[in-house]
Amino acid sequence: MMESARVDRSLDEAHLRRQLAREDLSLEGLIEAADALLPAVAPDQTRYKVRERPDVRTIRYYVSQGLLPKPLGYDGGRARYGGAHLARLLLLKRRQAEHETLSRIARELAALDDAQVIERLLDRPRQARPRRVVGPLPSPPSPESEPEPEPPVAPPARAAATDTPSRAR
């Protein structure tokens, strides 16, 4: 019973390339296509503030922030998106699952052309990075190389207040 509930995470490259060649996606179609492909291209989202599945509001936000390009055009007042939008959206969601910030993702997407985005999608997704530890972790000393402890040095004696000459003002 559990076997059928598992998500197939294998990526069918031919199916992905067919989806990426489209130029007829409505906003809802873009969301459905991304939702169908996300399990194969991105690890599970582990941050509670980031949605796994993009929605209409999120995609509009990404367009307004320059993370996704503007729609290809409009048909009867409805925005039309294409494969480039889908590829960038999938890569964006992958990077979010890897705990990248939106500003880093924006810089990465701005530096890539559509072919490079697709190539990155076809690479195996990285696992989410663990949180950074401040400073390096100390390495345990080896018993052979441990130097002899130096004897403590006494602090220099302070001069008494009466020993210092007073200055005239």
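What share of the 169 residues in the protein chain is made up of buried residues? And, taking helix H4 (residues 56-64) as the part to examine, which of its residues are buried, and which are exposed?

Reply: This is a predicted model, in which local features need pLDDT of at least 70 and side-chain atom pairs count only at pLDDT 80 or more, while totals for chains, interfaces and linings use all residues. Residues are numbered from 1 along each chain as its sequence is written, and side-chain values use heavy atoms, with hydrogens and water left out.

Buried residues account for 32% of the 169 residues in the protein chain, where buried means under 20% relative accessible area, exposed over 50%, and partly exposed in between, with a 1.4 Å probe and protein chains only. The chain contains 7 helices and 2 strands, these being DSSP runs numbered from the N terminus (H or I of at least four residues for helices, E of at least two for strands), and along the sequence they follow the pattern α-α-α-α-β-β-α-α-α. Of the contacts (heavy atoms within 4.5 Å) between residues at least 6 apart in sequence, 73% join residues at least 24 apart.

Within H4, the buried residues are Thr58, Ile59, Tyr62 and Val63. Seen down the axis of H4, these buried residues fall within an arc of 140 degrees, so they line one face of the helix; the arc is taken from the directions from the helix axis to the C-beta atoms. On the other side of H4, Arg57, Arg60 and Ser64 are exposed. The cover over the buried residues of H4 includes helix H3 (27-41), H5 and helix H6 (102-111).

Beyond the end of H4, Gln65 lies in the loop between H4 and strand S1 (73-75), and this residue is partly exposed, with a relative accessible area of 46%. The C-alpha atom of Gln65 is separated by 9.5 Å from that of Leu102, although the two residues are 37 residues apart along the chain. Gly66, which also follows H4, has a positive phi, near 80 degrees.

Helix H5 (residues 83-97), one of the elements covering H4, also packs with helix H2 (residues 13-20), at an angle of about 125 degrees and with their axes 7 Å apart. The contact is made by Leu16, Gln19 and Leu20 of H2 together with Gly83, Ala84, Leu86, Ala87 and Leu90 of H5.

Technical notes:
Axes fitted to C-alpha atoms, helices over the stretch in contact; angles between N-to-C directions.
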